[in-house]
Amino acid sequence: MLKKTLAALALGGALFAGQAIAADYAIDKPGQHAFINFKISHLGYSWLYGTFKDFDGSFSFDAAKPEASKVNVTINTTSVDSNHAERDKHLRGSDFLNVSKHPTATFESTSVKSTGEGTADITGNLTLNGVTKPVVIQAKLLGEGKDPWGGYRAGFEGSTTLKLKDFDIQKDLGPASQEVELILSIEGVRQ
Amino acid sequence: MQWRNTPSRYGVLSILLHWLVALAVFGLFGLGYWMVGLDYYSSWYRTAPDLHKGIGILLFMVMLLRLLWRLYSPAPAALASHGRWTRLASHAGHAFLYLGLFVLMISGYLISTADGRAIDVFGLFQVPALVSGLPSQEDIAGLVHEYLAWTLVIFAGIHALAALKHHFIDRDATLLRMFGRDSD
């Protein structure tokens, strides 16, 4: 009985939250419950994973009106880390990310289209290596609700696939490695 | 000819070390310049950097030996015909070549060991990472390594031109001494 009441209260809370105007969330950078990773095929034989350790951003989101959602992310490209110092140095150089010339990458959403229960296509402009191109991030709401410390959180994961050449990344890593998948796994704290 | 230097001529060991280091320095520069431009699918893509690092570590050891040998068996006196400024310039130049080489090799070591990996020397032994995880370690060490390599190679070229100038213009024994000739 008590459980049911609690469930009803929680549901009511969720509905109430859903009816509010799109709330603003800040990426949980202090607690680092957010990751921007990438993966690219190595020779066609395995996945190479890497991450950007330093980034920040915000989003606004309303489960009832996903179309009104917005996302902004800024990545410090110097913070690229693939767990191999020599490779990371190479990735920062002119063969790949040119971080001395282009120290930041940004994503700014332009439109959000719901594609199902908790899923959406987030269209926006990605600026990477000085090149700005529209990309579509296929995103999924992983969960939202109160956290144990008095806050309210929502988490998403989204990914998009980029052609290296489209972003003027010169190094040719072979036929199996022309594209990289960018994976954003982000938890936001409601402001 | 003897192993040790005398006040008027270089011994065999100093001469061998000098030319060995010269060969290694120019070889490493060429190898380094070439390897960073290699195609990912080149068969040298992995072996060239291994070779560069292995030779670099060996060169470091040779340079340590050379420094110790220099203390134990000092270089011959400057030629009598060399004036004060020539002596000063040559001392400063040689000091810069020694110091620069050590900084160059240490910077290279700091790139490869920045994440704690050891450097393997031809499968014979490994040099462990002593300093790793400094902020931007591989990038800063990389810049130092690149710019200093160019500086030193240009400087070594000037060093060679100076020796040729002594040989062909001043017509003194500077260059020939590095092949074992006596001072006079």
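Student: How many residues does the contact take from chain A and from chain B?

Tutor: Two residues touch if their C-beta atoms, placed from the backbone, lie within 7 Å. Here the contact takes 10 residues from chain A and 9 residues from chain B. On the chain A side, 2 are nonpolar, 2 polar and 6 charged; Asp, Glu, Lys and Arg count as charged, Ala, Val, Leu, Ile, Met, Phe, Trp, Tyr, Cys and Pro as nonpolar, and the others, Gly among them, as polar. Keep in mind that this is a predicted model: local features need pLDDT of at least 70, side-chain atom pairs count only at pLDDT 80 or more, and totals for chains, interfaces and linings use all residues. Residues are numbered from 1 along each chain as its sequence is written, with chains lettered from A and ligands numbered from 1 in the order in which they are written.

Student: Is B:L134 buried or exposed?

Tutor: Buried needs 20 or more other C-beta atoms within 10 Å, exposed 12 or fewer, partly exposed in between, all with C-beta atoms placed from the backbone. B:L134 has 11, so it's exposed. Its C-alpha atom is 7.4 Å from that of B:A114, 20 residues apart along the chain.

Student: Where does B:S136 sit, and what is its phi?

Tutor: B:S136 is in the loop between β2 and α4 of chain B; helices (H or I, at least four residues) and strands (E, at least two) are DSSP runs, numbered from the N terminus. Its phi is near 55°, a positive value in a residue other than glycine. With 14 other C-beta atoms within 10 Å, B:S136 is partly exposed.
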